[in-house]
Amino acid sequence: MRNAQDVVELVEALRPAYVALADQVFDTPEVAYTETLSCAAHLAQLRTEGARVSENLAGIPTAIMGEWGHGGPVIAILGEYDALPALGQEPGIAEPRPMGKAGHGCGHNLLGSAAMLAAVALRDWLAQSGLPGRVRYYGCPAEEGGAAKTFMVREGHFDDVDAAITWHPGDYTGLMAPETLANTRIDFTFHGTAAHAASNPELGRSALDAVELMNVGVNYMREHMPDDARVHYAYLDAGGEAPNVVQARATVRQLIRARDNKGLRDLVTRVRKIADGAALMTETRVEARIVSAVSNMLSSPALEHLMEAHLLALGAPVFDEADRAFAAAIRQSLTAEHSADTFWRVGLEVQPDLALADFVVPLAQTRKAGQGSTDVADVSWAVPTVQAWVATCALGTPFHSWQLTAQGKSPAAHKGMVHAAKVMALTGRDLFAQPDVLAKAKAEHAAACARTPYICPMPPEVSPAIPL
Ligand SMILES: [Zn+2]
């Protein structure tokens, strides 16, 4: 591309502002759908970069989009900035020092900032290339439990996008295998009849008994589910503290996961039958309310091939002795099994003394463990989507832990996020410069969706759980 500066240099030139943005978001940790300050910081940066900004996507105050360029294909880069409850931790310290608030225990301060960095570098490359095309940065809230992207897909915010690119911080570098599970959270509230538990128990119908019987039923179902399906539960309302009262109301949240959307629908039908059975047995009434839902990830072989070539060519982020020393100190708080688990998951031989991953895991490498779930998966059903993992923390660091928060502003984390921006921007550049690759990705996607049509797992009547 004549006169087109290399994307890697463009990313490096923008680095200071985006490291600062990641640190700023780290310092204002906000949980799902309350990311007011984090979103405002991203919005201000989009305005500084001259983006055409859209706010309040899907009716969510902390969902935003910035766009640059004209005509041509639309390439979306997806960012996040939500934190997790109770994971506040002083950064740069290799011992637990809780801060009594939310914290970036999943690295989303890095995730969002690197995504915008990639989008802006791609904007600069596109302008220099003279090619038609538009780059978008999507600021997506509430990845943790809120499934904002699923609502954004349902409301059509990706309808005119050609491909989507994202990443997630991790303890190694490689493509994210497109194997995440579909899931849904459903609150089952049982309504019974209160009564004095000693003087007239025969008049009472216990909602708490119904919840307990429902859990017994789900536990018996576990033996007869597909191996990779999961059901977890939490009591949201056990009906009160008084054992001498027959509880008139109780709520249990069931988190149901399955390999794909069809499997999820089947499992949800069975869980609903169990709830109905529990209500029948206890002469109570049950209401089911879907709280959130995400799909399984749809693979995009063309985009995975493209991104993996850049991951392999760039290699892992280059860390220095100070990075390795801090990572080694963090690992003092972990067991040998933690880092062994990472190697086991990606099918590589354990290197017990390696503190920071200096390797790239090929996609073809056998992965041995089930994955979690992500709302990126719903974007993958709307448009071809690809996601990288890039090392930002010590090998074996568990997600959603104080150890991950402690590394959220470290020099290694900054190196990893800038590295991720390069991988994403290079992948985006190829989609503008090589229309045949984009066409192939879209054709693969259309064929996959023809075989298995997308049914949004979020019913139309469900709206985002935005606190008032
Ligand atoms: Zn995450």
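Tutor: Let's start with the term: on a 1 Å grid over the protein atoms alone, a pocket is an open set of points where a 1.4 Å probe fits, with protein on both sides within 12 Å along at least five of seven lines, and lining residues have an atom within 4 Å of a point. This is a predicted model, where local features need pLDDT of at least 70, side-chain atom pairs count only at pLDDT 80 or more, and totals for chains, interfaces and linings use all residues. Residues are numbered from 1 along each chain as its sequence is written, and side-chain values use heavy atoms, without hydrogens and water.

Student: What volume does the largest pocket have?

Tutor: Rolling a probe the size of a water molecule over the atoms shows where empty space is left. Here the largest pocket has about 1,200 Å³, a volume being the space filled by probe spheres set on the grid points, joined across faces, edges and corners. It is lined by 49 residues, with Q371, G372, S373, W389 and F399 the closest to its centre.

Student: Which element supplies the largest share of that lining?

Tutor: Helices (H or I, at least four residues) and strands (E, at least two) are DSSP runs, numbered from the N terminus. The largest share, five residues, is from α9; β5 (163-170) and β12 (385-391) are among the elements supplying at least two each.

Student: And how much space lies in the second largest pocket?

Tutor: About 250 Å³. Its lining has 18 residues, and E144, G145, R185, R253 and V291 are the closest to the centre. β8 gives the largest share of this lining, four residues.
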